[in-house]
Each structure stands twice: as C-alpha cells, then as structure tokens.
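User: I would like a close look at one part of this model. Please keep it brisk.

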Amino acid sequence: MEKIIIPNTNFQCSKFIFGTGNLLNILSKKKRLKLLNSAVDKNFSHFDTSPYYGFGQAETNLREILKKNQNLTITTKVSLYPPGRSNQSLLEMIFRKSFGKFLPFLVKPNIDFTIKKANKSLEESLKRLGRDCIDILLIHEPIIELINTEEWKKWFGQLIKEGKIRYFGLSSLVASRLEKCIVKDNKLFNILQTLDSVDLMEADFLKKNNFPLQITHSYMASSKKRYPEKSYKDIFNQILKRNPDGAIIISTRSQKHLTEFSNLLKNL
Ligand SMILES: NC(=O)c1ccc[n+]([C@@H]2O[C@H](COP(=O)([O-])OP(=O)(O)OC[C@H]3O[C@@H](n4cnc5c(N)ncnc54)[C@H](OP(=O)(O)O)[C@@H]3O)[C@@H](O)[C@H]2O)c1
C-alpha cells in the first residue's frame, strides 16, 4: 500500500489507517488478532485507537501486533473514557455492549478534560500498547468551552520534550466542534482528525479555514447507511477523490471486506 506524508507534518504512514472502534464487536480474541494481523499483512502501517474503544480492549489487543512489528505507528486519544471500572471482565463488557442499545448509560463515555486524568490515561495507554511513545495523541471529541487551552498546550509540549508523543491534536465526529477549536486556538494541534463523507463533505470546514485534510474517517459507514445500493468499489474511488493527500481511516470486522479493500489498493 502507498505511504503518504500527512499534510503539514513530517509524519509518514500508510494511506489507509486501520480503525479499531468496532474491534470488540468481534467476540473472539483469536479472531480479533487474526484480523489485526491480516491488516498488517496488507500493509496497513498505522492504527487508530482509544482507551474508550472496547473498554480498553482495542489497545490491549493492539499490543500483541505492535510487539511483533516495531515499525507500526499508532494514534490514541484522551478525554473520552469507558464507563464503569477499569479492567472489566469480558462478560461485563459484553453485557454493557448488548444492553447499551436500550440503556445508553451502560456505554456512555465518561468525559473529562482535565490534564490530571489525561496524564493518567496516557500512562495507562502506553502500558496497554506496550510502547514508550505514542505517535499521535488526540483530544477525543473536544468541547472548547471546557478546555483550558494554555494548560493543554503546555502539557503537549512537555510530552514531546519527554519523547512520550510525536504529534498531538484533536479528533471529532462533529465538524462544528473542531471548527470552534481551530478558530479559538490554532496552536492546540498539529493534527486534525475528522469525519467526512462523499455526499455531505463535512470536512470542507477545514478548507474554509485554510487547513488541509489530514486524517478523515467514516466514509464507508455513511455510504452504507445513506446509499446501501452503492458498490464499495464506487465508494472507494470517491473516498480517494475526497481526501487525495491525507490519510483515511477505515474499519471492518470482516476478513472478506479487508481482502476486497486491499485488492482495490493493489490497483492504485
Ligand atoms: N472521534 C474520532 O476520533 C472517531 C470517530 C469515529 C470513528 N473514528 C475512527 O474511524 C474508524 C472508522 O470509523 P467508522 O466505523 O465510522 O467508519 P468506516 O470504516 O467508514 O465504516 C465501517 C463500516 O463499513 C463497513 N465496511 C468496511 N469495508 C467494507 C467493504 N469492503 N464492503 C462493505 N462494507 C464495508 C463495515 O462493515 P463490516 O465490519 O461488516 O466490514 C462497517 O459497517 C473507527 O474504527 C475509529 O478508529 C474516530
């Protein structure tokens, strides 16, 4: 798979990033690891995760892949944390996921924008991932009114000096949330990760504010929802036109879809 340099950075990674937001929807750990290994075999060199994904299990599972492949790079996040106690049993997590559809409080994230909590979470993520350094650390769904930007900038700067992170920034599903942040303080990030789609083009707020598309996601999810009749091949071509220079996160629970995806990449 082609490698790219994320615009406005020196950071190199695969054009497609493997997202682990839905990894725990695969109940068998063996199958989760098999999928992650296949992604590595298909030349995904960067993985997107968060302590919120799978109650921390996504990071724990990634550790096994990262251990074997030191050249892989990783994004993780702070500020959105899983509900309930840490180190929950698989049964408890499955209970929360299954009943969360009817009782949303079971899966609702804990939101905390304090540096104290972020620092603790980063240390835990480093341990779960088995790494000394996170390549990209993002504030997950930032709410600018609740963020002390001076404290956060200082913290990010300190982490870079200590070699605990390489890049920092913001990630959100909601364009207006990120737009408010970049208007208020454009030193709070050197990476922006945002949702985009081929029809609604949510990420255009970046162009309007003179920022390039760096990392975008959720194209397949929105197309499947709004245009279920469209073939994934057509969607794929449109995705590349939407974000030609940056990196694109995709996620799948299916070996078949991963193979289809990588076959399309071979023809690039
Ligand atoms: N705030 C944030 O930072 C944030 C927010 C949202 C997402 N993300 C990241 O972005 C990742 C992707 O997000 P997403 O799940 O919303 O978007 P996505 O990757 O665009 O969509 C995933 C959906 O597309 C389907 N799919 C994938 N490949 C397919 C294929 N070849 N044919 C048919 N269907 C296919 C998957 O189904 P199957 O599983 O059946 O293949 C799944 O339903 C997340 O895992 C996470 O890492 C970050």
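Which residues of H8 are buried?

Analyst: This is a predicted model. In helix H8 (219-226), the buried residues are Tyr 219, Met 220 and Ser 223. Viewed down the axis of H8, these buried residues fall within an arc of 90°, so they line one face of the helix. Their packing partners are helix H9 (232-242) and strand E12. Lys 225 and Arg 226 sit on the other side of H8, and both are exposed.

H8 also takes part in the ligand shell. That shell holds 27 residues, and those that come nearest the ligand are Gly 19, Gly 21, Ser 171, Met 220 and Thr 252. Two or more residues each come from strand E9 (165-172), helix H8, strand E12 (247-250) and helix H10 (255-266). H8 gives the largest share, four residues. By class, the shell has 14 polar, eight nonpolar and five charged residues.

For another helix packing, take H2 (residues 57-68) and H4 (residues 115-129). Their axes come within 7 Å and cross at roughly 45°. H2 brings Glu 59, Thr 60, Leu 62, Arg 63 and Leu 66 to the contact, while H4 brings Ser 125, Arg 128 and Leu 129. Three of the contact residues are nonpolar, two are polar and three are charged.

Conventions. Residues are numbered from 1 along each chain as its sequence is written. This is a predicted model: local features need pLDDT of at least 70, side-chain atom pairs count only at pLDDT 80 or more; totals for chains, interfaces and linings use all residues. A residue is near a molecule or strand if its C-beta atom, placed from the backbone, lies within 6 Å of it. Ala, Val, Leu, Ile, Met, Phe, Trp, Tyr, Cys and Pro count as nonpolar, Asp, Glu, Lys and Arg as charged, and the others, Gly among them, as polar. Axes are lines fitted to C-alpha atoms, for helices over the stretch in contact, and angles run from 0 to 180 degrees between N-to-C directions. Two residues are in contact if their C-beta atoms, placed from the backbone, lie within 7 Å. A residue is buried if 20 or more other C-beta atoms lie within 10 Å of its own, exposed if 12 or fewer, and partly exposed in between; C-beta atoms are placed from the backbone. The arc is that of the directions from the helix axis to the C-beta atoms.
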